[in-house]
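This report describes helix packing, ring interactions and backbone geometry. The sequence and the coordinates are shown first.

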Amino acid sequence: MATTDRQATTLALAHALSAAERGLAVIPLSRTKLPALRSPHRDASDLDPDPVGVPCHGECGRLGHGVYDASTDPARIRELFAAAPWATGYGIACGLPPYNLIGIDLDTKTGTDSSSALRELALRHLFTIPETVVVLTPSGGRHLWLSGPPDVVVPNSASRLAPGIDIRGAGGYLVGPGSRTDHGLYGAAPATAHLAPAPCPPSLLRLLLPPPRTNHPTPTSTGQHGQGLVQFVLAAHEGQRNTRLFWAACRAYENDIGPALIDPLVEAALGTGLSEREARATIASAARMTGHRP
């Protein structure tokens, strides 16, 4: 390995350990910004394939499961980097405690003005991006770090919010400052490196959640809109139950049917596998986010 690569690996490990001290779970990345460790299940000839096609998220005990390897344990991080001595960067897992990190990736490679698009969204939906960590990318883009509520799952998306704006949520990762890639160095913007990720504004958070699927509700005491929100929750699959419940509860409170819809929403959430405690906590969070008392 070239001396410069060894230096980049040493620096990446140092930055990764520093991030872990702040509670951010990390993995080593290659110069391509991809996880540095190859999946142990990549080859069809693997002697221990994933059972019945179910993806392994590290249950096998081996390294190489991407963001599912992410850790804040210094010994584990050193083990990951020792297994990938070619790593020159590190990724920070999103959606994990304590920050439940959400990344707003303002890209410049698409030829669009993503910063202006975000400002227009902020004006239209009445939110302000708070002072928070900003990471500058080699291409001239920016990553804004925001903190999300613990009971809300923000999905990853590309240009859904606006052209050139990508979202890194649960199951995704952000390239950490101090990482070196084929395109250059990632670094924290001046005066933001030591900030904690600021809370995501409620209006922006609602935009980051998936829209409901079209359904054909039947009238109830809360009207067709209320029944539609209940059906939206009932249609949730594992991994999206909290997200759908939170989104539906926000819409209910915004349409002044929140209190009347609490019990139907809780019942629907129970039908998807959530506990009553989880469901009521998520609905209460939605009430607070929309300016109502739970």
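How many aromatic pairs does a search of the whole structure find? The search finds one aromatic pair, where rings of Phe, Tyr and Trp (its six-membered ring) pair if their centres lie within 6.5 Å, and planes under 30 degrees apart count as stacked, over 60 as edge-to-face and the rest as tilted.

The model is predicted: local features need pLDDT of at least 70, side-chain atom pairs count only at pLDDT 80 or more, and totals for chains, interfaces and linings use all residues. Residues are numbered from 1 along each chain as its sequence is written, and side-chain values use heavy atoms, with hydrogens and water left out.

**Helix packing**

Axes are lines fitted to C-alpha atoms, for helices over the stretch in contact, and angles run from 0 to 180 degrees between N-to-C directions.

| Helix pair | Axis separation | Crossing angle |
|---|---|---|
| H7 (residues 258–272) and H8 (residues 276–289) | within 9 Å | roughly 135 degrees |
| H6 (residues 241–254) and H8 | 8 Å | about 45 degrees |

The angle between H7 and H8 makes H7 oblique to H8; angles under 35 degrees count as roughly parallel, over 145 as roughly antiparallel, 65 to 115 as roughly perpendicular and the rest as oblique. On the H7 side, the contact (heavy atoms within 4.5 Å) includes Ile 262, Leu 265 and Val 266, and H8 contributes Glu 276, Ala 279, Arg 280 and Ile 283. This contact of H7 with H8 comprises seven nonpolar, no polar and three charged residues, with Ala, Val, Leu, Ile, Met, Phe, Trp, Tyr, Cys and Pro counted as nonpolar, Asp, Glu, Lys and Arg as charged, and the others, Gly among them, as polar.

H6 and H8 are likewise oblique to each other. Among the H6 residues that meet H8 are Leu 245, Phe 246 and Tyr 253, and their partners in H8 include Ala 279, Ile 283 and Met 289. The contact of H6 with H8 divides into ten nonpolar, three polar and one charged.

**Ring and backbone features**

Arg 251 lies over the face of Trp 247, at 4.4 Å from the ring centre; a charge sits over a ring if NZ of Lys or CZ of Arg is within 6 Å of the ring centre and within 35 degrees of the ring normal.

Pro 97 and Pro 98 are joined by a cis peptide bond with omega of about 5 degrees. Pro 98 is placed in the loop between strand E2 (89–93) and strand E3 (101–106). Ala 191, in the loop between strand E11 (187–188) and strand E12 (198–199), has a positive phi near 70 degrees, in a residue other than glycine.

Definitions and conventions: Helix = DSSP H or I, 4+ residues; strand = E, 2+ residues; numbered from the N terminus.
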